[in-house]
Amino acid sequence: MKKENKQISKNISKKEFENLLVSSGLIHIFKGAKGIIWKPYGLAMMNRYMCFLRKLIPKFSIEEYFFPLLVDKRYLDKLNNEIYNFDKGVYKTVDTVLRPSGEISIYPVFKDIIKSVSDLPLKVFQISSSFRYGYKAGIFRTNEVDFFVEGHTAHASREEVEMQVKDNDLLINQVLVYFGLPVIKTERPLWTNKPVAEKSYGYDAILPNGETLLVASNYEQMQVFSKVFNVGFIDKYKQYTNTFQSSFGFSFRPLMILLWQLCDQHGLRLLPSLAPIKVSIIEINPDNDINVASLIDNIKQKLQNLNINFIHDNNSKLSLSKRSSKYELQGVPIRIEIGKKEIDSGFIKLMRRDNFLFEESSLDNFNNVVNKLLNNIEADLRASLQNIFLDFQVYTGSSLDIINILKKNKVAKFSICFNRSCIDGLQASVGLGEVLGTSEQVNNGKCIVCKKNTKYIGWYSRRV
Ligand SMILES: [Zn+2]
């Protein structure tokens, strides 16, 4: 394979990435709006993601519901008084609030629907928005969390919830595989006075600037919320029992992180599996040569038969370089330029957006080459995501080292006990950043704090 004469720099700041999302036509940012304005190219990717979710989640026997955005204020008051103060940034009137999170709109309905054990399990999800005032406007946090996906399940026993949490984990993993996005999966320390769950699992991605961002959560709530909202049922012993519950959630963040991880100074680089347009065909035909037009028709037909989305650009008023850089900016995985040269040589050049390598193909072999290239681009980009992820993590046995690792914009990884004194102790000694949580390992190590043997690994990062 040969390569176009182009340098690739992947050192893109958050601001540059935001500008790229705008210039490539995914989104519009308008100061008068408190959230992101999605444009057709960006929505094409988001809608595809939504379709994927609407197919995936019901496979786990979790069904889609729609709950209203406006909620009776007394449910927020209940939450504030009995679990945790969720009041900050909530939009409210005298008797109504704009939903800050799903619990207050969903659990009162659970109470209404669930009467006896035969109504269980109840497993619902919804794709909707939540609202909190006071977040800085930005691509990862806005006042309105668009496209938030949340699942809530109610069961008759603790054991069922434990199984469900494993199922939720499988579901979240499939979402992350869809994006090819590797994450640090940890159990969160929950040592506040009134925890929102018995166990909580976080899925954090590492951003190109070394910060981490939560992309999904999975909660083994058990009866924490069902006791507050009086969700319960008459069990087989004719006793009233509160339901045992789980919940999970994720948003559009995985897509944003993926796009930032993959972009370079020329623009986006899209996974073919997510790209709304997989191939751009640029027609170079100032003399309206009928042979060029018929070769293009032939290729379009082949792409149609292969079910590969393409765009045909015959706007010869613009220079070739302007036209090709537009598709580079948009991250279209393959570009084909067709003009008189291709008629004369009998070969078609297929250019890869991800690494600017190109391959020449005869018309007969076109189907094989285009399929092979799309597969290779997909595999190479996914592998690069894994490599970036591993490169960011630095293992250390010394807490002093953690500060240096964080200052180098990396994430520290270490052995630690899953207990309050070691985790809080480490956090106090490091000062900046945060312990994400821990994960169980096969091999024992020595705790970075107390030096005792432990089977847990912890991660320390600067969080967005
Ligand atoms: Zn320890």
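Two strands count as paired if DSSP finds at least two bridges between them. In this predicted model, strand E21 (residues 411-415) meets that condition with E23: the two run antiparallel and share four bridges.

E22 and E23 form a hairpin, with six residues between the two strands. In the turn, Lys451 has a positive phi of about 70°. E23 itself spans residues 453-461, and seven of its nine residues are buried, so the strand is largely enclosed by the rest of the structure.

The axes of helix H12 (residues 399-407) and helix H13 (residues 420-430) come within 9 Å and cross at roughly 55°. That angle makes H12 oblique to H13. The crossing is right-handed. On the H12 side, the contact is made by Ser399, Ile402 and Ile403, and on the H13 side by Leu426, Ser429 and Val430. Sorted by class, the residues in this contact are four nonpolar, two polar and no charged.

Another part of the structure is an open sheet. Six strands make it up, in the order E1-E19-E18-E17-E15-E16, with mixed pairing. Strand E1 (2-3) and strand E16 (310-313) are the edge strands, and each pairs on one side only. Ile281 has His312 as its bridge partner in E16.

Helices pack on this sheet. Helix H9 (residues 320-330) touches E15, E16 and strand E17 (334-338), and its direction makes about 170° with that of E15. Helix H11 (residues 366-392) lies across E15, E17, strand E18 (347-352) and strand E19 (357-362). H11 runs at about 10° to E18.

These elements can now be placed in the whole. The protein has 13 helices and 23 strands. Its C-alpha atoms fill a box of roughly 85 × 50 × 45 Å along the principal axes. Of its 464 residues, 38% count as buried. Among contacts between residues at least 6 apart in sequence, 68% join residues at least 24 apart.

Note on methods:
Residues numbered from 1 in each chain as written. Predicted model: local features only at pLDDT ≥ 70, side-chain atom pairs only at ≥ 80, totals over all residues. Axes fitted to C-alpha atoms, helices over the stretch in contact; angles between N-to-C directions. Parallel < 35°, antiparallel > 145°, perpendicular 65-115°, else oblique. Left-handed = near helix turned anticlockwise from the far one by under 90°. Contact = placed C-beta atoms within 7 Å. Nonpolar A, V, L, I, M, F, W, Y, C, P; charged D, E, K, R; others polar. Buried ≥ 20, exposed ≤ 12 C-beta atoms within 10 Å, placed from the backbone.
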